[in-house]
Number of protein chains: 2
Amino acid sequence: MADEALFQFLHSEIIQYVNGAESGESEIGRCVSKLENMGFRVGQGLIERFTKDTPRFKDELDVLKFICKDFWTSVFKKQIDNLRTNHQGIYVLQDNKFRLLTQLSAGKQHLEHAPKFLALTCGLVRGALSNLGVKSIVTAEVSVMPACKFQVMIQKM
Amino acid sequence: MADEALFQFLHSEIIQYVNGAESGESEIGRCVSKLENMGFRVGQGLIERFTKDTPRFKDELDVLKFICKDFWTSVFKKQIDNLRTNHQGIYVLQDNKFRLLTQLSAGKQHLEHAPKFLALTCGLVRGALSNLGVKSIVTAEVSVMPACKFQVMIQKM
């Protein structure tokens, strides 16, 4: 619980700071992109450690399953609740109780702030996949807090 | 290990970002102070959770011992190696292998960057103490990496 709290509090501070530091017209866009980039580098570093002793992955789906189970558990203390794919390079990872959203109130008026709370995690996933040789674009959407979906679009090389 | 890595990587990213965002003449000073403030709020939040079921502390020394043992262990996975006090409101907490410095090379040319790597932790300690009713000023110094000393000066009310 301690680690979890540390991550949650730090995450809030980062968002608040980045949000304050990036000013101007395209404020939210820049804030989100900075957070995504930070997440990307953290994800790269983390996956390198996590997979140190892991056998080679069979295929893309195998990599995604690892992200949903092992990677998600180590970062968020739970697995992804649902993984879907169209078998054409699009994967949807659904977390029914995403930890970094549980601090936000569930009211609809807060939905507009959700992208800031998801950006770092989108980066985490993109960074982790990237270091496993899978180039992707990761986006996230929230319909009802604190559930959310991460969409991974694989970029074929 | 996973949590530890997450904290370390995030911490590096925060430093890098804050360092880049704070520009101007007094750059390092502002960067350090921003990081310290972030740490302060994180420390306040953390200690609130950690001490939820802890019996009331006897005195100031008892509080400091809690920081050195329980608090330090939950954040840095080890205890403070040495706690000294002059019994007049000054406490020195020595960590012989401070986790957030172990990534830095040990060369003397890197010593000038050390304050940035210690600022958030100074804030953590100050925030934690503050929420336990102990007002303080916390500074840090490094003589030989990755050992460092945190000095806590209690501010009498």
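The largest cavity has a volume of about 80 Å³, where a cavity is a set of points, on a 1 Å grid over the protein atoms alone, at which a 1.4 Å probe fits but cannot get out, and where a volume is the space filled by probe spheres set on the points, grid points being joined across faces, edges and corners. A search of the whole structure finds two cavities of 30 Å³ or more. The model is predicted, so that local features need pLDDT of at least 70 and side-chain atom pairs count only at pLDDT 80 or more, whereas totals for chains, interfaces and linings use all residues. Residues are numbered from 1 along each chain as its sequence is written, chains are lettered from A and ligands numbered from 1 in the order in which they are written, and side-chain values use heavy atoms, with hydrogens and water left out.

The lining of the largest cavity, defined by residues with an atom within 4 Å of a point, includes Leu6(A), Phe7(A), Leu10(A), Val75(A), Leu6(B), Phe7(B) and Leu10(B). Two or more lining residues come from each of α1 (2-21) of chain A and α1 (2-21) of chain B, helices being DSSP runs (H or I) of at least four residues and strands runs (E) of at least two, numbered from the N terminus. The most is given by α1(A), with five residues.

Phe7(A) also belongs to a cluster that ring pairs form with Trp72(A), Phe76(A), Phe98(A) and Phe150(A). Over all chains the structure holds 17 aromatic pairs, for which rings of Phe, Tyr and Trp (its six-membered ring) must have centres within 6.5 Å, planes under 30 degrees apart counting as stacked, over 60 as edge-to-face and the rest as tilted. The pair of Phe98(A) and Phe150(A) is edge-to-face because the ring centres are 5.4 Å apart and the planes stand at 70°. This pair links distant parts of the chain, 52 residues apart, with Phe98(A) in the loop between β2 (90-95) and α4 (114-131) of chain A and Phe150(A) in strand β4 (residues 148-154) of chain A. Phe98(A), at 0% relative accessibility, counts as buried, as does Phe150(A) at 1%, buried meaning under 20% relative accessible area, exposed over 50% and partly exposed in between (1.4 Å probe, protein chains only).

On β2(A), antiparallel pairing with β4(A) extends over six bridges, and Val92(A) has Gln151(A) of β4(A) as its bridge partner.

In chain B, four strands form an open sheet with antiparallel pairing and the order β1-β2-β4-β3. Its edge strands, β1 (82-85) and β3 (136-141) of chain B, each pair on one side only. Helix α3 (residues 60-76) of chain B packs on the sheet, touching β1, β2 and β4 (148-154) of chain B, and its direction makes about 15° with that of β2(B); contact means heavy atoms within 4.5 Å, and angles run from 0 to 180 degrees between N-to-C directions, with axes fitted to C-alpha atoms, for helices over the stretch in contact.

Methods
Two strands pair if DSSP finds at least two bridges between them. On a 1 Å grid over the protein atoms alone, a cavity is a set of points where a 1.4 Å probe fits but cannot get out, and a pocket is an open set with protein on both sides within 12 Å along at least five of seven lines; lining residues have an atom within 4 Å of a point.
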